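Student: I would like a close look at a single part of this model. Please keep to one region and take it step by step.

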Amino acid sequence: METAVEAKAAKGLNAQTLGLKSVGTIYQNLSYDELFAQEQKNGEVELSNLGSMMVDTGKFTGRSPKDKYFVHQKPSSDNIAWGKINQPMAPEVFDELYAETIDYLSGKDLYVTDGFCGSNEKTRKSVRFVTEFAWQSHFVKNMFIRPGADALDGFAPEFTVYNASNLTNANWERHGLNSEVFVVFNIEKNVAIIGGTWYGGEMKKGIFTMMNYWLPMQGILSMHCSANVGKDDDVALFFGLSGTGKTTLSTDPHRKLIGDDEHGWDDDGIFNFEGGCYAKCINLSSENEPEIYNAIKRDALLENVVADDGGVVDFDSDAKTENTRVSYPIDHIENHDPSLKGGHPQNIIFLTCDAFGVLPPVSKLTKEQAMYYFLSGYTAKVAGTERGVTEPQATFSSCFGEAFLPLHPTAYAKLLGEKMEKHGVNAYLVNTGWVGGGYGVGSRMSIKATRACINAILDGSINDVEFDETRWFRLHIPKTLPGVDTNLLNPRNAWTDKEAFDNTANRLAGMFVENFKKYIVAGDDFDFTKFGPKLG
């Protein structure tokens with residue numbers, strides 16, 4: 001008798017519609033129960049004590065940014081900001097790798113998952129993922145918006161991702177590439193190919209990168225941020241790179257979660273790109289992050305966590321990587337907004353992880369300062385988020401997401417400035433990094449203290465206190481704030497060695513100044529240099 005999985009697999013797709021030469025069994029848009037059955041039958045996963053599946057992605061526990069490419073061809077080549085982030089690949093090299101990918105996937109049993117990116121039906125993109133492993137299908141089912149039965153009937157993908165993770169490029173040196181790994185986007189052909197890496201985040205961030213290409217062309221701001229909404233429909237955005245607290249701080253029992261990572265801002269307001277969350281798990285506890293901890297249950301998928309033979313997870317262990325992760329459908333967060341949308345934001349919060357320990361826990365920014373710090377995107381790259389990073393490193397990432405921006409950063413900054421001006425949005429800089437000294441000397445800001453800063457912003461009480469101005473960065477900082485040690489509010493006060501603080505602050509200010517020079521173009525009035533730090 002034909003099983004339910006086989007019945008679903010047989011419907012609608014064949015080798016020709018998938019662009020393959022031949023196929024084995026096609027498992028199309030499986031339910032979670034069916035995916036669990038496939039994952040366990042194939043030996044791809046283990047079951048955790050929390051009821052979720054666990055997968056190990058081998059040595060690839062983070063993205064491989066040096067192996068990401070765009071095909072260099074018109075018209076997209078005229079729009080892309082080429083460089084270390086957006087590396088070109090010759091069309092003939094892509095054609096060779098594409099043919100190898102199709103050959104590799106042809107004849108195999110495959111998992112096909114269809115989903116939407118974007119909760120606004122006017123601008124959403126329909127994306128198809130073709131993968132060799134059930135857990136990869138599980139991952140994208142968690143992360144993208146799951147179409148209803150009517151939407152799946154006749155689903156027409158506007159973009160297709162072929163994930164041949166076990167295929168490596170033996171000719172990478174001849175092709176002039178970085179390694180045997182490849183993650184390549186062909187904008188004109190609306191296709192991406194992945195080979196040599198098992199890391200699931202390549203699929204998620206790959207489509208985010210494409211949204212960052214498509215939407216600004218329509219005057220819509222695409223953002224690497226989380227978003228939530230209060231009981232009075234007040235929307236807040238949280239910008240920041242991985243590890244700065246976007247997911248943790250936007251997941252609030254008193255506010256509905258719109259989304260934890262990727263959003264658009266159009267004339268209607270804010271909308272989530274995704275249908276799930278992708279949270280860091282290192283040092284996760286039910287006490288500090290109960291909403292995320294409780295989201296780890298059946299249908300969730302843990303990546304690279306350490307567990308004993310009984311499936312009991314040790315969230316404090318970084319034996320495999322510090323970049324342990326969990327993906328789960330957003331409805332695992334009890335207090336989420338099912339529409340995945342909100343109005344125009346009242347507050348924008350830039351989260352930074354300051355490894356030098358000289359930025360204040362919270363600062364109120366002018367609109368001009370907001371533009372400066374948005375473009376600067378200062379943070380510390382947290383260990384494990386990318387391959388080869390074992391210690392936090394100070395870095396500047398334009399718009400708090402430079403790794404995912406195909407266009408020049410000022411394209412996104414100009415859109416942000418226009419929308420902030422039009423809707424009267426407040427902006428703040430919040431340091432979730434070190435206080436009392438730099439990394440190795442000071443201590444990391446507690447989640448409790450950071451939440452007190454966030455709460456003061458969201459309930460407006462931060463506007464009722466007196467402010468000081470810091471010396472080098474000219475940031476407006478509160479003199480007092482409920483729930484935060486007064487000595488921490490002015491970072492210099494938290495350092496025992498004041499001279500060391502002054503030297504470090506001056507050094508970091510110089511790094512900001514030097515970094516911002518790349519945004520200064522002769523004859524362009526889009527220059528916010530004077531709103532950044534000063535030296536001396």
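This is a predicted model: local features need pLDDT of at least 70, side-chain atom pairs count only at pLDDT 80 or more; totals for chains, interfaces and linings use all residues.

Tutor: Y372 is buried, because its relative accessible area is 1%, and buried means under 20%. Y372 belongs to one aromatic cluster, together with Y373, Y378, F396, F473, F512, F516 and Y519.

The structure holds 30 aromatic pairs. In one of them, the ring centres of Y372 and F512 are 6.4 Å apart and the planes meet at 20°, so this pair is stacked; the cut-off for stacking is under 30 degrees. The pair joins distant parts of the chain, since Y372 sits in helix α11 (residues 367–376) and F512 in helix α15 (residues 498–516), 140 residues apart. F512 is buried as well, with a relative accessibility of 1%.

Y378 is part of strand β24 (residues 378–381) and F396 is part of strand β25 (residues 393–396), so the pair ties together parts that are 18 residues apart in sequence. Both partners count as buried: Y378 has a relative accessible area of 3%, and F396 has one of 14%.

Key
Residues are numbered from 1 along each chain as its sequence is written. Side-chain values use heavy atoms; hydrogens and water are left out. Rings of Phe, Tyr and Trp (its six-membered ring) pair if their centres lie within 6.5 Å; planes under 30 degrees apart count as stacked, over 60 as edge-to-face and the rest as tilted. Helices (H or I, at least four residues) and strands (E, at least two) are DSSP runs, numbered from the N terminus. Buried means under 20% relative accessible area, exposed over 50%, partly exposed in between (1.4 Å probe, protein chains only).
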